[in-house]
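Trainee: Could you walk me through the labels used for this model, and the cut-offs behind them?
Mentor: Gladly, let us take them in turn.

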Amino acid sequence: MADFVKLPIYRGFTEIARIFEITQQTNSIICGGYVRYMASPRRKVEPPGDVDIYSCTEDAFEANLKEFDALGFDRRHENDMAVTYRPHKEMPWGAAPAIQVIKPVIEGAIVAFGSMEEILENFDFTVVRVGLLDPETVLADPDFERDEMERKLRFKNIHCPVSSMLRACKYYKKGYWMRPSEAIRLFIDWDDRSESYRASLIDLLARSKEGELSREDVEELEALLRID
């Protein structure tokens, strides 16, 4: 397991202070892109679109849903990986972002619940391997600060070369970049996959382009995009 380090927070806690209080009550943690924004050492940082909540146990996940439902948040979307909430405009939550309550899944090498270290160890890029400890401190990958300062995408995990490529494109739009040596790892990973995996993914992606996917096809595609 990686030797994670503690780093200071520079911004963004006020907006999620009440959300953080809820996670403390439900035995949950905030990790990923929003915490990257909070702990980035850069002066100008792109604001994230949502905050991801991971549950330490399955009971914690159910407690989160119960809490946000009771508070009157809108359930905007649900898939196999998360339930997305957004506060009403009338709610006194200020500039709180959308909330994604990540489902407690352990599938292949995907780990979406457990301790903060267990969850962060599963994340792909060094710049998102960061979790919120308290209002002033985060737990981060030892390469987080350097790579975030340079806006460099570096893999610690590749769960699916296609989904990793799509995530890299997402971060490219935010000004991040990737060394050719990192990009080539996606091709190597693809070549190492079984022929049946590659054929299934190619077929599903081709049919998704034509809009011919059934619900079962979509679920299969989502599984292929997240399982090692």
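**Pocket, patch and salt bridges**

Mentor: The second largest pocket has a volume of about 160 Å³. This is a predicted model, in which local features need pLDDT of at least 70 and side-chain atom pairs count only at pLDDT 80 or more, while totals for chains, interfaces and linings use all residues. Residues are numbered from 1 along each chain as its sequence is written, and side-chain values use heavy atoms, with hydrogens and water left out.

Trainee: What makes a set of points a pocket, and what does its volume stand for?

Mentor: On a 1 Å grid over the protein atoms alone, a pocket is an open set of points with protein on both sides within 12 Å along at least five of seven lines, whereas a cavity is a set where a 1.4 Å probe fits but cannot get out. Grid points are joined across faces, edges and corners, and the volume is the space filled by probe spheres set on the points.

Trainee: Which residues line the second largest pocket?

Mentor: Its lining consists of Pro 161, Val 162, Met 165, Ala 183, Leu 186, Phe 187 and Trp 190; a lining residue has an atom within 4 Å of a point. Helices α6 (161-172) and α7 (180-192) are the elements that give two or more residues, and α7 supplies the largest share, four residues. Helices (H or I, at least four residues) and strands (E, at least two) are DSSP runs, numbered from the N terminus.

Trainee: How many residues of each class are in that lining?

Mentor: Seven are nonpolar, none polar and none charged. Ala, Val, Leu, Ile, Met, Phe, Trp, Tyr, Cys and Pro count as nonpolar, Asp, Glu, Lys and Arg as charged, and the others, Gly among them, as polar.

Trainee: Why is Ile 188 called partly exposed?

Mentor: Ile 188, in helix α7, has a relative accessible area of 46%. Buried means under 20%, exposed over 50%, and partly exposed in between (1.4 Å probe, protein chains only), so 46% is partly exposed. Ile 188 also belongs, with Ile 184 and Phe 187, to a nonpolar surface patch of about 310 Å².

Trainee: Why is Arg 193 called buried?

Mentor: Its relative accessible area is 12%, so Arg 193 is buried. Arg 193 sits in the loop between α7 and α8 (195-209), and its C-alpha atom is 9.6 Å from that of Pro 161, 32 residues apart along the chain.

Trainee: What makes the contact of Arg 154 with Asp 143 a salt bridge?

Mentor: A salt bridge is a side-chain nitrogen of Lys or Arg within 4 Å of a carboxyl oxygen of Asp or Glu. The closest N and O atoms of Arg 154 and Asp 143 are 3.8 Å apart, which meets that limit. Arg 154 lies in the loop between β11 (152-153) and α6 and Asp 143 in the loop between β10 (137-140) and α5 (144-149), so the pair ties together parts 11 residues apart in sequence.

Conventions
Patch = residues over 30% accessible without salt bridge, like charges linked within 9 Å, V, L, I, M, F, W, Y side chains within 5 Å. Areas by Shrake-Rupley, 256 points an atom, 1.4 Å probe, with all protein chains shown as cover.
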